[in-house]
Amino acid sequence: FACDAITTMRVASSPAPARSIRARSSGLRDCSSPARASMLKLSTELVDQETVELGCVITSDQKFLVPYRSGAIATYRLFRHLDRLLVSDPVGRGRLATTKARYQEWKRLATEPEIAAARGPNPNLARAIIAGGGGRARFAQLRSASGSLTAYADSRVTDPHRPLARAQDLP
């Protein structure tokens, strides 16, 4: 994660190998906590957006668009925040890029057409689009990408009472 250089300095100054592993583990936990928290918040934002978007389409009630739009704003803020946190982590940035791409596809190919249909003269068209399952499939892809991003963060954070889980994480 972004502060691996600081962690590496801490590890390099440690006298004992076991202490180095603990220091490295502690550093990863400290650095990834903000990223992991942001990833979990991102997952929540995504589910909330799907819920209110479906509420809008199913009920034809436009009041659901307010939390949908504010959720989209929060999502883009989280993406920018995660971009900064993962600046020196190519794997994390790759998974974040995949999550962003799936989010944009879901909005462009599922939610926007569904909302447009719900606002049109025939709200049953929106319900038929939902029943087709394309939006659900796109959201499943988005959720999978977001889950992969969070799982990656989890793999980088280890239990302080165990050695690192993967050999490539050793200094």
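This is a predicted model: local features need pLDDT of at least 70, side-chain atom pairs count only at pLDDT 80 or more; totals for chains, interfaces and linings use all residues.
1. Overall make-up. The protein chain holds 6 helices and 0 strands, and its elements run α-α-α-α-α-α from the N terminus on. Of its 171 residues, 39% are buried. Where contacts in the chain join residues at least 6 apart in sequence, 71% of them link residues at least 24 apart.

2. Length of helix 3. Helix 3 covers residues 65–85, which is 21 residues. At 1.5 Å a residue it should span 30 Å, and this agrees with the 30 Å between its end C-alpha atoms.

3. Buried face of helix 3. Leu65, Tyr68, Gly71, Ala72, Thr75, Leu78, Phe79, Leu82 and Leu85 are the buried residues of this helix. Viewed down the axis of helix 3, they fall within an arc of 150 degrees, so they line one face. An α-helix has 3.6 residues a turn, so residues three or four places apart point the same way.

4. Exposed side of helix 3. Val66, Arg77 and Arg84 are exposed, on the other side of the helix.

5. Geometry of the helix 3 and helix 4 pair. Helix 4 spans residues 90–119 and packs against helix 3 at an angle of about 165 degrees, the axes being 12 Å apart. The pair is therefore roughly antiparallel, since the angle is over 145 degrees. Their crossing is left-handed.

6. Residues where the two helices meet. From helix 3, the contacting residues include Leu65, Tyr68, Ala72, Thr75, Phe79 and Leu82, along with Arg69, Tyr76 and Asp83. Among their partners in helix 4 are Leu96, Tyr103, Lys107, Ile115 and Arg119.

Methods
Residues are numbered from 1 along each chain as its sequence is written. Side-chain values use heavy atoms; hydrogens and water are left out. Helices (H or I, at least four residues) and strands (E, at least two) are DSSP runs, numbered from the N terminus. The expected span of a helix is 1.5 Å times one less than its number of residues. Buried means under 20% relative accessible area, exposed over 50%, partly exposed in between (1.4 Å probe, protein chains only). The arc is that of the directions from the helix axis to the C-beta atoms. Axes are lines fitted to C-alpha atoms, for helices over the stretch in contact, and angles run from 0 to 180 degrees between N-to-C directions. Angles under 35 degrees count as roughly parallel, over 145 as roughly antiparallel, 65 to 115 as roughly perpendicular and the rest as oblique. A crossing is left-handed if the near helix is turned anticlockwise from the far one by less than a right angle, and right-handed if clockwise. Contact means heavy atoms within 4.5 Å.
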